[in-house]
Each structure stands twice: as structure tokens, then as C-alpha cells.
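Please open the model in a viewer and keep the selection tool at hand.

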Amino acid sequence: MLAKPFRLTKRKDFENIWQKGKGRLDQFLGIKFLANDLENSRFAFIVSLKISKKAVQRNKVKRQLREIIRLNLDKIKPGYDIIINTRPGILKLTYQELDQTLIDLLKKLKLI
């Protein structure tokens with residue numbers, strides 16, 4: 001679980017990121033981000049019903065993504081609000097493949 005200062009929760013923040021943020025899509029993940037005026041980066045994870053109808057599977061993906069971010073917080077540049085959106089097919093990935101995919105996407109966006 002990410003500590004509270006690293007979580008993005010307010011609807012206003014989400015709307016701001018969707019409207020003004022930059023982003024990038026990968027085969028299994030999409031990332032939208034926007035600079036904030038805080039000392040740390042905040043994250044949100046979206047796993048829709050398109051991924052799986054089963055909440056157990058959707059929650060597993062969210063837990064894995066949170067853990068990847070938690071383990072790499074020191075590498076991620078501070079001062080960004082980041083939304084990580086999953087795409088269909090992500091359930092086929094192992095944890096290591098998911099980790100590599102997310103890290104590569106963050107590097108492409110120069111957030112690491």
C-alpha cells in the first residue's frame with residue numbers, strides 16, 4: 001500500500017490531469033501525468049471492467065502496480081501527479097513483465 005502522501009484521490013486533480021496532462025500509451029498500460037507543486041509524486045491506478053469482470057483479478061493488478069511504484073519511489077522524479085491506466089491483455093503478464101513494462105514506460109516519459 002502506498003502511503004497517503006503518494007496517493008491521488010481528489011476528483012478535481014483527476015479532471016485536471018485528464019484535461020491538461022501529457023500521456024503515452026503502451027500495449028498494456030497508459031500513463032497520464034501533470035506537474036504539481038508538491039515535494040513528492042502522487043499516483044492513481046485505474047483498472048476497468050474491460051480488464052476483467054472479476055474484482056479479484058482487477059485488485060491483483062492494482063496491488064502489483066502499487067508495489068512496483070512503492071519499490072521505485074526513490075527513482076521517480078518528485079513533483080508529478082501520475083495516473084496509470086491499464087489496458088486489455090494485462091492479465092497475461094507476469095509480475096516481472098509488468099514491472100519491466102511500467103519502468104520502461106516511465107523512462108520513456110522521463111519520469112525516472
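Select E67 and R70 to begin: their side chains form a salt bridge, 2.6 Å from N to O (a side-chain nitrogen of Lys or Arg within 4 Å of a carboxyl oxygen of Asp or Glu). The two residues lie three apart in helix α2, and therefore about one helical turn separates them; helices (H or I, at least four residues) and strands (E, at least two) are DSSP runs, numbered from the N terminus. E67 is partly exposed at 26% relative accessible area, and R70 is partly exposed at 38% (buried is under 20%, exposed over 50%, partly exposed in between, with a 1.4 Å probe and protein chains only).

The model is predicted: local features need pLDDT of at least 70, side-chain atom pairs count only at pLDDT 80 or more, and totals for chains, interfaces and linings use all residues. Residues are numbered from 1 along each chain as its sequence is written, and side-chain values use heavy atoms, without hydrogens and water.

Next, select D13, R42 and D81, which a network of salt bridges links. D13 meets R42 at 3.4 Å, N to O; D13 belongs to helix α1 (residues 11-20) and R42 to strand β3, so this pair ties together parts 29 residues apart in sequence. Between D81 and R42, the closest N and O atoms are 2.9 Å apart. This pair links strand β4 to strand β3 across 39 residues. Both D81 and R42 are buried.

Finally, select I84. Its contacts (heavy atoms within 4.5 Å), not counting residues up to four places away in sequence, include I31, F45, I69 and L102.
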